[in-house]
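Here are my notes on the model you sent. Please read them with the structure open.

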Amino acid sequence: MSTLDSASLIMNRYTCMPPSMASVVFTAPHNISLKRDGFPDHKPEDYTSFLASKLAQATGGGSLHWSRAEIERTKEYWLAHQTSDPSNRDPNFLTTDELGESPW
């Protein structure tokens with residue numbers, strides 16, 4: 001996969017609504033099942049992306065959450081493997097080395 005294809009694939013996994021100047025960004029990384037080091041997978045939390053988007057709209061802020069396409073892809077992954085996709089990690093469990101590549 002070329003660098004462009006790889007970057008395009010990564011960007012399709014997230015939905016980002018940019019904030020206005022000097023504003024806040026609401027994040028909702030837990031709307032899909034996520035891997036956690038040394039702990040059971042984090043189960044999806046319903047409505048977190050909806051809340052992040054609505055709060056951002058109400059305040060003029062921004063939001064970041066997994067895209068609808070990524071939500072559907074991870075559901076299919078779960079059905080096929082009965083575990084979370086290891087490429088989707090809970091941002092609360094990222095290592096220092098992973099922080100530079102994570103949108104969270």
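1. Helices and strands are here DSSP runs, numbered from the N terminus; a helix has at least four residues and a strand at least two. With that in hand, the order of elements in the protein chain, from the N terminus on, reads α-β-β-β-β-α-β-α. That makes 3 helices and 5 strands. Please keep in mind that this is a predicted model.

2. Next, the chain as a whole. Of its 104 residues, 33% count as buried. The accessible surface of the protein chain is about 6900 Å², and carbon and sulfur atoms hold 60% of it. Among contacts with a separation of 6 or more, 70% are between residues 24 or more positions apart.

3. Strands E3 and E4 run antiparallel and are joined by 2 bridges. Arginine 36 faces phenylalanine 39 of E4 across this pairing. The hairpin has 2 residues between its strands, and in it glycine 38 adopts a positive phi near 75 degrees.

4. Which residues make up the largest nonpolar core? The core has 6 residues: Tyr14, Ile32, Leu34, Leu64, Trp66 and Ile71. Isoleucine 32 deserves a separate look. Leaving out residues up to four places away in sequence, isoleucine 32 touches His42, Lys43, Pro44, Trp66, Glu70, Ile71, Thr74 and Asn88.

5. Now the aromatic rings. A pair of such rings is described by the distance of the centres and the angle of the planes. The whole structure contains 2 aromatic pairs. Phenylalanine 39 has a relative accessible area of 52%, so it counts as exposed, the cut-off being over 50%.

6. Tryptophan 66 and tryptophan 104 also form a pair; their ring centres are 5.4 Å apart and their planes are at 55 degrees, so the pair is tilted. Because tryptophan 66 lies in strand E5 and tryptophan 104 in the segment after H3, the pair ties together parts 38 residues apart in sequence. Tryptophan 66 is buried, at 2% relative accessible area, whereas tryptophan 104, at 25%, is partly exposed.

7. Where does asparagine 31 lie? Asparagine 31 is in the loop between E2 and strand E3 (34-36). Its relative accessibility is 9%, so asparagine 31 counts as buried, which requires a value under 20%. The asparagine 31 side chain makes a polar contact of 3.4 Å with the side chain of serine 49. Beyond its neighbours within four places in sequence, the contacts of asparagine 31 include Pro44, Glu45, Thr48, Ser49, His65, Trp66 and Ile71.

How values were computed:
Residues are numbered from 1 along each chain as its sequence is written. This is a predicted model: local features need pLDDT of at least 70, side-chain atom pairs count only at pLDDT 80 or more; totals for chains, interfaces and linings use all residues. Side-chain values use heavy atoms; hydrogens and water are left out. Rings of Phe, Tyr and Trp (its six-membered ring) pair if their centres lie within 6.5 Å; planes under 30 degrees apart count as stacked, over 60 as edge-to-face and the rest as tilted. Buried means under 20% relative accessible area, exposed over 50%, partly exposed in between (1.4 Å probe, protein chains only). Contact means heavy atoms within 4.5 Å. Accessible areas come from the Shrake-Rupley method with a 1.4 Å probe; for residues, only the protein chains shown count as cover. A polar contact is a pair of N or O atoms within 3.5 Å; within protein, one must be able to donate a hydrogen and the other to accept it, and residues adjacent in sequence count only if both atoms are side-chain atoms. Two strands pair if DSSP finds at least two bridges between them. A nonpolar core is a set of buried Ala, Val, Leu, Ile, Met, Phe, Trp, Tyr and Cys residues joined through side-chain atoms within 4.5 Å.
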